Amino acid sequence: MTAQRIAQILRAGQPGETVTIQGWVRTKRELKKFSFMEVNDGSFMANLQVVIDQDFPDYANLLKQLSVGAAVSVTGELVASQGKGQSVELQPSQIEVVGGCDAETYPLQKKRHSFEFLRTIGHLRSRTNTLGAVFRVRNACARAIHEFFQERGFLWVHTPLISTNDCEGAGELFSVSSFDLANVPKTDTGVVDYSQDFFGKPAYLTVSGQLQAEVMALTFRDVYTFGPTFRAENSNTSRHLAEFWMVEPEMAFCDLVGNMDLAEAFLKHIFATVLEQCPEDMAFFNQRIDDTVLATAENIINNGFERITYTEAIAHLEKATQSFEYPVAWGQDLQSEHERYLAEQLFKKPVIVTDYPVGIKAFYMRLNDDGKTVAAMDILAPKLGEIVGGSQREERLDVLERRITEAEMPLEELWWYRDLRRYGTVPHAGFGLGFERVVQFMTGMGNIRDVIPFPRTPLSAEF
Ligand code: 4AD
Ligand code: MG
């Protein structure tokens, strides 16, 4: 008989049903007359309890093999459970040990392990309650994201991972090359001869799919990307990864206000969907990781985000009674401590900050009439700081070319991007949501390394 998922059984299973489950032993308790074994198949926070009577064929030998971590297939009848916390348990008629587990060396013991330790066993850590819940919530977030855009007629477009442009102009690029690093071809003047490299010019892992998303938005109006992006920024923080996933909607015939409205509705949708689809996992985070997680989610869903300009943000920060490590001055970028002060202390909810100084933002953002600020928007979240970064794009060719030159970006290489401003240009806007940051925000997990299955950070790419 085909196996049922344990989530299904624990949510809707009725006494008297015969079922087969397949999963891994989480705990085993041997008593005199019978033994308890809890099995988990990843579908649910809770385990299904299997009660094995001492009369079960080959009892003693079987129990030896049923060590924690072993893979099992169990068929039996569901019976009403005497124990608390579950409505049914399984009375087995057949138990197959599909793959044994070496109990002596298996690193996941019953005690609580630190997240630091679990990162050293990246191939096993998803079997713990917390990481299991994280990856189920991560999946629910991804599904909510696609649902949100698909319901609104956005086209999911696939932008390249290998790019020859630095979209953000921040120089945080990983090179992509097929050169033998021990023997890199050089020109007569001693510089690297990229004409001999795979693409005939320098190429990189993309930092953002935005420029290509703009191309697609000028055909399909509303599009989004959802994929990995890469940044070689050497910041060892709890919010930065070298490889992270980003969601980037891009909308033609849209201005900054439309962009903010969409971003706010989008975050509300993600939170509402995950609360609905993963109530057990979310309750677990609230209980074990951060007891404000559920209240925060309700706050996001039910209250409007604060909207202030950068200039107003600076005024608020100057009035703050607390002191900051980094100075507050108009023209300087907001640091994470400033962002957190605004969202966490002052407004106690997400804050959308708009109209940043032109000098600290990327070349493609639309210049405001004051000539000093651009139509940018960042969404700042309590505890995390920036979670979304976006803008209305510069659609005027002359202004764009001036900005590219001022940013010392290669005007020539962006010929196709500039062409978009020649052939049917329109006001358009979009943003990027850091996918891991939203999973962190949702779950209360303190370190971004623990919300992606296989984190890539400086000096760390194991597994
Ligand atoms: O603000 P960023 O750099 O914006 C862009 O890349 C734009 N091209 C997006 C757009 O308008 N289409 O990055 C967007 C978001 C940030 O707000 C942050 O949440 C996340 O991506 N992010 C990171 N997440 C994890 N690790 C990193 N190193 C990140 N860098 C940015
Ligand atoms: Mg940003």
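A pocket, in this predicted model, is an open set of grid points with protein on both sides within 12 Å along at least five of seven lines, and its lining residues have an atom within 4 Å of a point.

**View 1. The second largest pocket and the residues around its centre.** Among the 39 residues that line the second largest pocket, Glu168, Arg231, Lys361, Glu386 and Arg437 lie nearest its centre. Two or more lining residues come from each of strand 11 (243-252), helix 10 (336-346), strand 15 (385-392), strand 16 (428-434) and helix 13 (435-443). The volume of this second largest pocket is about 990 Å³, and its lining comprises 14 nonpolar, 11 polar and 14 charged residues.

**View 2. The largest pocket, with lining residues from domain 1 (6-99) and domain 2 (127-171 + 207-450).** Of its 50 lining residues, Arg26, Thr27, Met45, Asn47 and Asn129 lie nearest the centre, while the lining as a whole divides into 19 nonpolar, 19 polar and 12 charged residues. At least two lining residues are supplied by each of strand 1 (18-30), strand 2 (34-40), helix 3 (115-119), helix 4 (129-151) and helix 7 (279-288).

**View 3. The buried face of helix 9 (residues 310-319).** Tyr310, Ala313, Ile314 and Leu317 are the buried residues of helix 9; because they fall within an arc of 100° when seen down the helix axis, they line one face of the helix. These buried residues pack against strand 12 (306-309), helix 10 and strand 13 (351-357).

How values were computed:
Residues are numbered from 1 along each chain as its sequence is written. Chains are lettered from A and ligands numbered from 1 in the order in which they are written. This is a predicted model: local features need pLDDT of at least 70, side-chain atom pairs count only at pLDDT 80 or more; totals for chains, interfaces and linings use all residues. Side-chain values use heavy atoms; hydrogens and water are left out. On a 1 Å grid over the protein atoms alone, a cavity is a set of points where a 1.4 Å probe fits but cannot get out, and a pocket is an open set with protein on both sides within 12 Å along at least five of seven lines; lining residues have an atom within 4 Å of a point. Helices (H or I, at least four residues) and strands (E, at least two) are DSSP runs, numbered from the N terminus. Ala, Val, Leu, Ile, Met, Phe, Trp, Tyr, Cys and Pro count as nonpolar, Asp, Glu, Lys and Arg as charged, and the others, Gly among them, as polar. Domain bounds come from an automatic or database domain assignment. Grid points are joined across faces, edges and corners, and a volume is the space filled by probe spheres set on the points. Buried means under 20% relative accessible area, exposed over 50%, partly exposed in between (1.4 Å probe, protein chains only). The arc is that of the directions from the helix axis to the C-beta atoms. Contact means heavy atoms within 4.5 Å.
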